Amino acid sequence: MTKIATREFNQKIGYRIYLRRKILKLSQKNIADELNVSPQNVQKYESGENALNIYTLYRIALFLGVDISYFFQDVKGGKNKLPKFYQEKHLQELLKDFIAIKDKKIAQNIKELIASISHD
């Protein structure tokens, strides 16, 4: 991989970290505290200026509540192609509210209700 391609790759992964962080309404400091690094390091990860090792990316994935594969979706070629979900603020708010439900049974009931409605 050329230096330019590597930078673009890092930028795309960093952009997905940024998006997920924004969805969860976290600051760079929140991630920095979890990783025991400075907020400036997190900013450099998000901008693609600094490459992430796999262990650090794994820790970020755990903290942000996503599978590590999330960071590699749509990385190959083209611009950052985002699913519709990331472009729709009301869907982001819905996810944030759903994640905040503490009672797992209620969350499961809501999920089943949405599934039944969407299949009509």
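These legends accompany close-up views of a predicted model.

Figure 1. The protein has 7 helices and 0 strands. Read from the N terminus, its elements run α-α-α-α-α-α-α. Of its 120 residues, 24% are buried. The mean pLDDT of the protein is 84. A score of at least 70 is reached by 83% of the residues.

Figure 2. The structure holds 3 aromatic pairs. In one of them, the ring centres of Tyr15 and Tyr18 lie 6.2 Å apart. Their planes meet at 20°, so this pair counts as stacked, because planes under 30 degrees apart fall in that class. Both residues belong to helix 1 (residues 3-23). Tyr15 and Tyr18 are 3 residues apart there, so about one helical turn separates them. Tyr15 is partly exposed, with a relative accessible area of 29%. Tyr18 is also partly exposed, at 32%.

**Figure 3. Tyr70 and Phe71 meet edge-to-face.** The ring centres of Tyr70 and Phe71 are 5.2 Å apart. Their planes stand at 75°, so the pair is edge-to-face. The cut-off for that class is over 60 degrees. Tyr70 is buried. Phe71 is buried too.

Figure 4. Glu46 sits in helix 3 (residues 39-47). Its relative accessibility is 10%, so Glu46 counts as buried. The cut-off for a buried residue is under 20%. The side chains of Glu46 and Arg21 are joined by a polar contact of 2.6 Å.

Figure 5. Lys25 lies in the loop between helix 1 and helix 2. Its phi is near 55°, a positive value in a residue other than glycine. Lys25 is exposed, with a relative accessible area of 56%. Asn36 occupies the loop between helix 2 and helix 3. Its phi is positive as well, at about 60°, although Asn36 is not a glycine. Asn36 has a relative accessible area of 71% and is exposed. The cut-off for an exposed residue is over 50%.

**Figure 6. Glu34 and Arg59 are separated in sequence by 25 residues, and their C-alpha atoms by 8.4 Å.** Glu34 is part of helix 2. At 40% relative accessibility, Glu34 counts as partly exposed.

**Figure 7. Helix 6 and helix 7 contribute to the lining of the largest pocket.** The largest pocket holds about 220 Å³ of space. It is lined by 10 residues. Closest to the pocket centre are Leu94, Leu95, Phe98, Ile110 and Ile114. The elements that each give two or more residues to the lining are helix 6 (89-99) and helix 7. Helix 6 gives the most, with 5 residues.

**Figure 8. The side chain of Ser116 reaches back to the backbone of Leu113.** Ser116 is found in helix 7 (residues 104-118). Its side chain comes to 2.8 Å from the backbone oxygen of Leu113. With a relative accessibility of 39%, Ser116 counts as partly exposed.

Definitions and conventions: Residues numbered from 1 in each chain as written. Predicted model: local features only at pLDDT ≥ 70, side-chain atom pairs only at ≥ 80, totals over all residues. Heavy atoms only, no water. pLDDT = per-residue confidence, 0-100. Helix = DSSP H or I, 4+ residues; strand = E, 2+ residues; numbered from the N terminus. Buried < 20%, exposed > 50% of the residue type's maximum accessible area, 1.4 Å probe, protein only. Polar contact = N/O pair within 3.5 Å; in protein donor to acceptor, adjacent residues only side chain to side chain. Phe/Tyr/Trp six-rings, centres within 6.5 Å; stacked < 30°, edge-to-face > 60°. 1 Å grid on protein atoms, 1.4 Å probe; cavity = no way out; pocket = protein on both sides within 12 Å on 5 of 7 lines; lining within 4 Å. Points joined across faces, edges and corners; volume = space filled by probe spheres on them.
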